[in-house]
Amino acid sequence: WIGTYGGGVLRFKDGRFEPWTAREGLDHDVIYSLYQDRRGDIWVGTAGGGLYRLRNGRFTALTTKDGLSDNRAYAICEDHEGSLWVATYGGGLNRLKDGRFTRYGRREGLASDIVSALYEDRRGNLWVGTYGGGLAVRRGGRFVTYTTRDGLPDNSVFSLLEDRDGSLWIGTYNGGLARLAGGKFSTYREKDGLSSDYLLWRIFEDREGSLWVGTAGGGLNRFRDGAFATYGTPEGLSGNVAWSVHEGKEGEIWVGTEGAGANRLHGG
């Protein structure tokens with residue numbers, strides 16, 4: 001499943017692309033986020049049309065009319081209790097439980113109502129990346145916030161991932177890549193081999209334990225054994241803005257770019 005900027009949702013199957021748009025009930029064609037829950041439903045966050053659920057081949061829309069705080073759904077995450085969390089651009093964080101939305105914003109302890117990343121770790125803690133308000137974690141029903149005062153390199157967070165060792169990796173707007181382990185932050189920037197410090201859209205861990213980091217201008221980075229390798233246009237990537245990264249069944253790495261299509265990295 002592929003979300004596009006202006007072309008709705010695509011399904012890639014048997015080597016062919018199939019568009020899923022208004023005919024199936026999707027009425028907004030700019031896609032911000034995709035998520036599959038444990039029931040197998042596909043959730044689609046749009047840039048203004050709200051949240052859509054794909055079940056049995058049809059989309060159902062959930063918007064501000066249904067209690068969603070904002071129709072720009074930046075990120076989606078299901079927690080261990082089965083609640084669906086939706087990050088919005090300006091409306092804070094939403095929890096969908098038993099068919100009802102609950103909003104969490106500044107009044108509930110978040111430092112910003114622009115929420116840009118979500119991730120639940122293996123201990124059941126929900127991590128919330130915000131634009132300008134740092135990184136928050138929800139424990140016991142309360143939010144605790146980390147900012148540059150605590151060692152976070154930048155207060156705008158765009159991607160989150162817990163690796164197999166339990167470290168939390170954080171992609172920032174303009175501060176490079178951060179790692180939170182043992183309560184302390186470590187930072188990786190251009191001087192450490194990262195191709196760009198700017199807009200780290202996506203962090204992904206493959207089956208071999210390598211980290212892949214997509215940037216807005218520096219292409220794709222692989223972090224393995226403490227060192228970075230860069231895959232950009234000189235290495236064959238069609239564009240240096242890498243929005244998304246995914247691993248296929250054969251270990252191939254799929255890369256979604258801005259304006260330059262999809263790429264598959266396989267066998268080098």
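How much space lies in the second largest pocket? About 340 Å³.

1. Basis. This is a predicted model, in which local features need pLDDT of at least 70, side-chain atom pairs count only at pLDDT 80 or more, and totals for chains, interfaces and linings use all residues. Residues are numbered from 1 along each chain as its sequence is written, and side-chain values use heavy atoms, with hydrogens and water left out.

2. Second largest pocket. Its lining has 19 residues. Trp43, Arg53, Gly82, Leu96 and Gly99 lie nearest the centre. A pocket here is an open set of points on a 1 Å grid over the protein atoms alone, where a 1.4 Å probe fits, with protein on both sides within 12 Å along at least five of seven lines; lining residues have an atom within 4 Å of a point. Volume is the space filled by probe spheres set on the points, which are joined across faces, edges and corners. Strands E6 (51-55), E7 (58-62) and E10 (93-97) each supply at least two lining residues. Strands (E, at least two residues) are DSSP runs, numbered from the N terminus. The lining of this pocket divides into ten charged, five nonpolar and four polar residues. Asp, Glu, Lys and Arg count as charged; Ala, Val, Leu, Ile, Met, Phe, Trp, Tyr, Cys and Pro count as nonpolar; the others, Gly among them, are polar.

3. Largest pocket. The volume is about 2200 Å³. Of its 48 lining residues, Leu34, Arg202, Trp243, Ser244 and Val245 are the closest to the centre. Strands that each give at least two lining residues include E1 (2-3), E8 (73-78), E16 (157-162) and E24 (242-247). The largest share, six residues, comes from E4. By class, the lining holds 29 nonpolar, 13 polar and six charged residues.

4. Strand E12. E12 runs antiparallel to E13 (residues 126-130), joined by five bridges; two strands pair if DSSP finds at least two bridges between them. Ala117 stands opposite Gly129 in E13. The two strands form a hairpin with five residues between them, and Gly124 in the turn has a positive phi of about 90 degrees.

5. Thr88. This residue is found in strand E9 (residues 84-88). Thr88 is buried, at 0% relative accessible area. A polar atom of its side chain lies 2.7 Å from the backbone oxygen of Gly92. Beyond neighbours within four places in sequence, Thr88 is in contact (heavy atoms within 4.5 Å) with residues including Ser69, Asp70, Tyr74 and Asp113.

6. Ser167. The loop between E16 and strand E17 (168-172) holds Ser167. Ser167 is buried, with a relative accessible area of 3%. Its side chain makes a polar contact with the side chain of Arg179 at 3.1 Å. A polar contact is a pair of N or O atoms within 3.5 Å; within protein, one must be able to donate a hydrogen and the other to accept it, and residues adjacent in sequence count only if both atoms are side-chain atoms.

7. Two loop residues to check. Asp14 has a positive phi of about 55 degrees although it is not a glycine. Asp14 is in the loop between E2 (9-13) and E3 (16-20), and is exposed (over 50%) at 73% relative accessibility. Asn56, in the loop between E6 and E7, has a positive phi near 55 degrees. Asn56 is exposed, at 75% relative accessible area.

How values were computed
Helices (H or I, at least four residues) and strands (E, at least two) are DSSP runs, numbered from the N terminus. Buried means under 20% relative accessible area, exposed over 50%, partly exposed in between (1.4 Å probe, protein chains only).
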